[in-house]
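Please open the structure in a viewer and keep the selection tool at hand. The stops below are meant to be followed in order.

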Amino acid sequence: QVQLVESGGGLVQAGGSLRLSCAASGRTFSGYYMGWFRQAPGKEREFVATIRWSFGSTYYADSVKGRFTIFRDNAKNTVNLQMNSLKPEDTAVYYCAAVYRDQAFPSSDDEYRYWGQGTQVTVSS
């Protein structure tokens, strides 16, 4: 059974940084895409970034490109999201997700099979 557990959320001022971590367990994740999504109050869940576990290749939403970095730690079996230059509009619950596939980068939430419980990120102005 795949389990994903997020951590690292919190309150930060605009311009600051946070690092989110997703601890993945239950199987080996080679061949999986590990993604981050977010959902702000009253809005639909949106794609943030994804990484192909086997190769480390990444894909980002335009809104976070150049500010966020997704990377994996094979030793700890975690996928991390380094968030820099945070803006108030980055405020949301951030979710980790996973899916096994060998096609192009999955970037919609209905493409992902496994989900974490989410962690709150609040950016104050």
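The tour goes from the core to charged pairs and then to aromatic rings.

This is a predicted model, in which local features need pLDDT of at least 70 and side-chain atom pairs count only at pLDDT 80 or more, while totals for chains, interfaces and linings use all residues. Residues are numbered from 1 along each chain as its sequence is written, and side-chain values use heavy atoms, with hydrogens and water left out.

**The nonpolar core**

Begin by selecting Leu4, Met34, Trp36, Leu81, Met83 and Tyr94, which touch the most other members of the largest nonpolar core, a set of 38 residues. Such a core consists of buried Ala, Val, Leu, Ile, Met, Phe, Trp, Tyr and Cys residues joined through side-chain atoms within 4.5 Å. Buried stands for under 20% relative accessible area, exposed for over 50%, and partly exposed for values in between (1.4 Å probe, protein chains only).

Next, colour the elements that give two or more residues to this core: β3 (18-25), β4 (32-39), β5 (46-52), β7 (68-73), β8 (78-83), β9 (92-100) and β11 (119-124). The largest share, six residues, comes from β9. Strands are DSSP runs (E, at least two residues), numbered from the N terminus.

Now centre the view on tyrosine 94. Beyond its neighbours within four places in sequence, its contacts include Glu6, Trp36, Phe68, Met83 and Val121; contact means heavy atoms within 4.5 Å.

**Charged pairs**

Side chains of opposite charge can pair when their charged atoms come close. The structure holds six salt bridges, each defined by a side-chain nitrogen of Lys or Arg within 4 Å of a carboxyl oxygen of Asp or Glu.

Select arginine 38 and glutamate 46, a salt bridge whose closest N and O atoms are 2.6 Å apart. Arginine 38 is buried at 5% relative accessibility, whereas glutamate 46 is partly exposed at 35%.

Move to aspartate 62 and lysine 65, whose side chains meet in a salt bridge with an N to O distance of 3.0 Å. Aspartate 62 is exposed at 68%, and lysine 65 is partly exposed at 48%.

Then show arginine 101 and glutamate 111, joined by a salt bridge of 2.7 Å, N to O. Both lie in the loop between β9 and β10 (114-115), so the pair ties together parts that are 10 residues apart in sequence. Glutamate 111 is partly exposed at 28%, while arginine 101 is buried at 17%.

**Aromatic rings**

How many aromatic pairs are there? The count comes to 11, taking rings of Phe, Tyr and Trp (its six-membered ring) with centres within 6.5 Å; planes under 30 degrees apart count as stacked, over 60 as edge-to-face and the rest as tilted.

Select tyrosine 32 and tyrosine 100, an edge-to-face pair at 5.5 Å centre to centre with 65° between the planes. Tyrosine 32 belongs to strand β4 and tyrosine 100 to strand β9, 68 residues apart. Is each buried or exposed? Tyrosine 32 is buried at 4%, and tyrosine 100 is exposed at 56%.

Phenylalanine 37 and tryptophan 115 form a tilted pair, 5.1 Å centre to centre and 55° between the planes. Phenylalanine 37 is in strand β4 and tryptophan 115 in strand β10, so this pair ties together parts 78 residues apart in sequence.

Finally, select arginine 45, which lies over the face of tryptophan 115 at 3.8 Å from the ring centre and over the face of tyrosine 95 at 5.4 Å. A charge sits over a ring if NZ of Lys or CZ of Arg is within 6 Å of the ring centre and within 35 degrees of the ring normal.

Note on methods
Helices (H or I, at least four residues) and strands (E, at least two) are DSSP runs, numbered from the N terminus.
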